[in-house]
Number of protein chains: 2
Amino acid sequence: MSWEALALVRRIRLIVEYDGTQYVGWQIQPNGVAVQQVLGEALFSITGRHCTLHGSGRTDSGVHALCQVVHFDIDVPMAADKFCYALNTRLPKDIRVLYSDEVDETFHSRFSVIRKSYRYTVQTGPHDRAFTRNTALHIHDSLDLAAMERAAAHVLGEHDFAPFMAAGGHVQSTVRSIYRSQWTRQGSLLHYDVTGNGFLYRMVRLLCGGMIDIGRGRLKEEDFIQSLQTGQRCHTAVTAPAKGLALARVEYADLDTKDILDRLR
Amino acid sequence: MSWEALALVRRIRLIVEYDGTQYVGWQIQPNGVAVQQVLGEALFSITGRHCTLHGSGRTDSGVHALCQVVHFDIDVPMAADKFCYALNTRLPKDIRVLYSDEVDETFHSRFSVIRKSYRYTVQTGPHDRAFTRNTALHIHDSLDLAAMERAAAHVLGEHDFAPFMAAGGHVQSTVRSIYRSQWTRQGSLLHYDVTGNGFLYRMVRLLCGGMIDIGRGRLKEEDFIQSLQTGQRCHTAVTAPAKGLALARVEYADLDTKDILDRLR
């Protein structure tokens, strides 16, 4: 396909949903297929352009996204709101573009983020379940939800989350502000919803690993809380597995993915 | 593995959940892998016994089950409530045994059924979605839900459902009683819940195909209602695709799968 040579360069923004089960995460990696790569190939196949796709943040291998926000610059004269339809004709069914629009060049999918939200899902009960096998962590043990809720309340506010960052994160500051941190039960599912101004590498999975171990009686609440209060690692807990985690909401000054998703019916 | 030669023959009942995407349905077929076959092989691998597995009914290729009820007769001295755990160690993750118990020889998973319920799920909106790609039918058109609800209300009661039976069904009577028939919206999903004393071959998918076409404005409500009232096919509509359908509940005199599933947390 060829476009007029002198089409203007515009910045296009997408909201992308993906089931991360089959992917090595958002970002291109040498060891498997990344969502960024599949999306870039679909964009090339409809426009003939190789574009750098910027996501609102990385998601790890196996982590899902209900609303990854992506931007790229492109010089083809396709209406901005048509990119989602065109891309979906070329993408696999586990990656969907739910929305597309044109934004100012001052917009950046990562740097313009005001707040992000993640959801971690645990499935409780004696048996792991067929329909949540890729989207929830099965915990056979009975969980003390009240203790998990108390721990979650301590996550709220501004903390140095250094004890909840995995090796591999490179950031200037490890201080982040958390505005929501809450467990809720829905049948045999437990959801942890967390909203913050930013998250360190594997921070949500490390917080969940700690809170789940508190729920199982394997970790003392005090040790977890002390890590939050001191910025020093005073607790031991494993990183919760990737498959329970989903990027759930991204908020910018001009766009809240929740508003767009709520309108999709 | 070998068991005492003189163990008593007992009848074991299972509640089985499956994501039907990868299977040709419940019943063994020449053209692919059936759930009945995979479950039988898992049972053989733990007991060394080839048993005939009786389901509460067939599910078509691609149809799901939240609670297929199965029984078989076996002479191994394993505690009845341990079959679910043992089978799950050998089954793929898209088939899970949620419950097992011992029943009297008068119990039959199919002939003892009092009521069954199915759920059909439609996903509305401009784009098909990643997380419901295998469990909901995507409809791009806007749907007239009020018209679909009116049609669903006419399904209630005793009718000759002959116009809603696909070729291939062999039954003495095509009269069935329907106790619940209702559409409800949940975000971008529309659920059709139907409960009856029995269902003809592809009856739910034929009812849904008709009601969805009414919602789209492609079928007149009167024609659909006339089919229900006369027992003659007075309407034209397609069979709704398998992937939106799930066997949702089976009720017996001594067991309601909903009670068991509600307790699994």
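Which residues does Pro126(B) touch, not counting residues up to four places away in sequence? In this predicted model, the partners are Tyr85(A), Leu264(A), His138(B) and His140(B).

**Pro126(B) in its setting**

Pro126(B) sits in a loop of chain B, between β5 (115-124) and β6 (137-139). Its relative accessible area is 25%. Pro126(B) therefore counts as partly exposed, because that class runs between 20% and 50%. Gly187(B) is 61 residues away from Pro126(B) in sequence. In space the two lie 14 Å apart, C-alpha to C-alpha.

**The interface of chain A and chain B**

Contacts join 32 residues of chain A to 32 residues of chain B. The two chains bury about 2,700 Å² between them, with 58% of that area on carbon and sulfur atoms. On the chain A side, the most area is lost to chain B by His127(A), Phe131(A) and Arg265(A). Together these three account for 26% of what that side buries.

| Link between chain A and chain B | Value |
|---|---|
| Salt bridges | eight |
| Residue pairs in polar contact (both at pLDDT 80 or more) | 14 residue pairs |

One salt bridge pairs the side chains of Asp128(B) and Arg96(A), at 2.9 Å from N to O.

Several elements of chain A each supply at least two residues to the side that touches chain B: β1 (10-18), β3 (64-74), α2 (83-88) and β4 (95-103). β4(A) gives the most, with four residues. By class, this side of chain A has 13 nonpolar, nine polar and 10 charged residues.

Notes. Residues numbered from 1 in each chain as written. Chains lettered and ligands numbered in written order. Predicted model: local features only at pLDDT ≥ 70, side-chain atom pairs only at ≥ 80, totals over all residues. Heavy atoms only, no water. Buried < 20%, exposed > 50% of the residue type's maximum accessible area, 1.4 Å probe, protein only. Contact = heavy atoms within 4.5 Å. Buried area = accessible area lost by both parts, 1.4 Å probe. Salt bridge = Lys/Arg side-chain N within 4 Å of Asp/Glu carboxyl O. Polar contact = N/O pair within 3.5 Å; in protein donor to acceptor, adjacent residues only side chain to side chain. Nonpolar A, V, L, I, M, F, W, Y, C, P; charged D, E, K, R; others polar.
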